[in-house]
Amino acid sequence: LIVGLAPAAHGANRTGRMFTGDRSGDFLYRALSETGFASQPESVSAGDGLVLRDAYVTASVRCAPPDNKPAREEIRTCRGYLEREIDLLPRVSVVVALGRLAFDVYLSILRDRGAIRSRSAFSFSHDGEHHPGNGQPVLISSYHPSQQNTSTKRLTLEMLISVFARASRLISPSPEAR
């Protein structure tokens with residue numbers, strides 16, 4: 001399960017598929033393709049032939065927020081959608097949170113469901129691996145592939161590939177299984 005921030009105004013809001021048609025998506029799908037989770041390195045529309053393998057992409061917020069900064073009310077309002085998606089995906093073994101907001105929202109769901117005691121036991125870091133316990137999926141935290149992070153090299157393609165290579169190893173520990 002890959003959890004991002006929100007649909008981009010000129011990306012997913014327009015195309016109907018998360019991370020499709022914007023620069024963040026170009027970066028994300030390239031990394032997913034390199035690690036075997038996507039059939040092609042780019043996605044420009046919902047019908048462009050992209051197939052995800054062992055991956056589902058969603059967002060913490062459902063509407064494109066002004067300045068990519070959703071208000072608390074937007075996060076609260078949209079959280080139920082993410083919770084329902086989590087419930088509909090019972091075989092998830094790894095969650096990749098793209099950005100601190102996705103990380104915090106996912107952990108708040110676990111906390112409110114009683115799966116973890118406290119959010120404070122988890123520190124956000126790029127390529128951080130977290131084990132919530134109680135049968136919950138492993139959580140990997142990553143910088144968001146926003147243009148701000150990629151253009152400043154805070155997040156490089158190699159760094160994002162490393163995140164998804166880790167996720168792949170956690171899903172299928174033996175190379176023969178993948």
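Me: Before we start, what do the numbers rest on?
Reply: The model is predicted, so local features need pLDDT of at least 70 and side-chain atom pairs count only at pLDDT 80 or more, while totals for chains, interfaces and linings use all residues. Residues are numbered from 1 along each chain as its sequence is written, and side-chain values use heavy atoms, with hydrogens and water left out.

Me: How many helices and strands are there in the protein chain?
Reply: The protein chain has six helices and five strands, which are DSSP runs numbered from the N terminus (helices H or I, at least four residues; strands E, at least two). From the N terminus on, the order is β-α-α-β-α-β-α-β-β-α-α.

Me: Aromatics next: how many pairs does a search of the whole structure find?
Reply: The search finds three aromatic pairs, where rings of Phe, Tyr and Trp (its six-membered ring) pair if their centres lie within 6.5 Å, and planes under 30 degrees apart count as stacked, over 60 as edge-to-face and the rest as tilted. One of them is Phe 37 with Phe 164, an edge-to-face pair at 6.2 Å centre to centre with 65° between the planes.

Me: Which parts does that pair tie together?
Reply: Phe 37 lies in the loop between helix H2 (23-34) and strand S2 (57-59) and Phe 164 lies in helix H6 (residues 157-171), so the pair ties together parts that are 127 residues apart in sequence.

Me: And is Phe 37 buried or exposed?
Reply: Phe 37 counts as buried because its relative accessibility is 2%, given that buried means under 20% relative accessible area, exposed over 50% and partly exposed in between (1.4 Å probe, protein chains only). Phe 164 is also at 2% relative accessibility and counts as buried.

Me: What about Phe 103 and Phe 124?
Reply: Phe 103 and Phe 124 form an edge-to-face pair, 5.4 Å centre to centre and with 70° between the planes. Phe 103 is in helix H4 (residues 100-112) and Phe 124 in the loop between H4 and strand S4 (128-130), 21 residues apart. Together with Tyr 143 they form one aromatic cluster.

Me: Switching topic, how do H2 and H6 pack?
Reply: H2 and H6 pack at an angle of about 50°, with their axes 9 Å apart; axes are lines fitted to C-alpha atoms, for helices over the stretch in contact, and angles run from 0 to 180 degrees between N-to-C directions.

Me: Which residues meet there?
Reply: Phe 27, Leu 28, Arg 30, Ala 31, Leu 32 and Glu 34 in H2 meet Leu 157, Leu 160, Ile 161 and Phe 164 in H6, with contact meaning heavy atoms within 4.5 Å.
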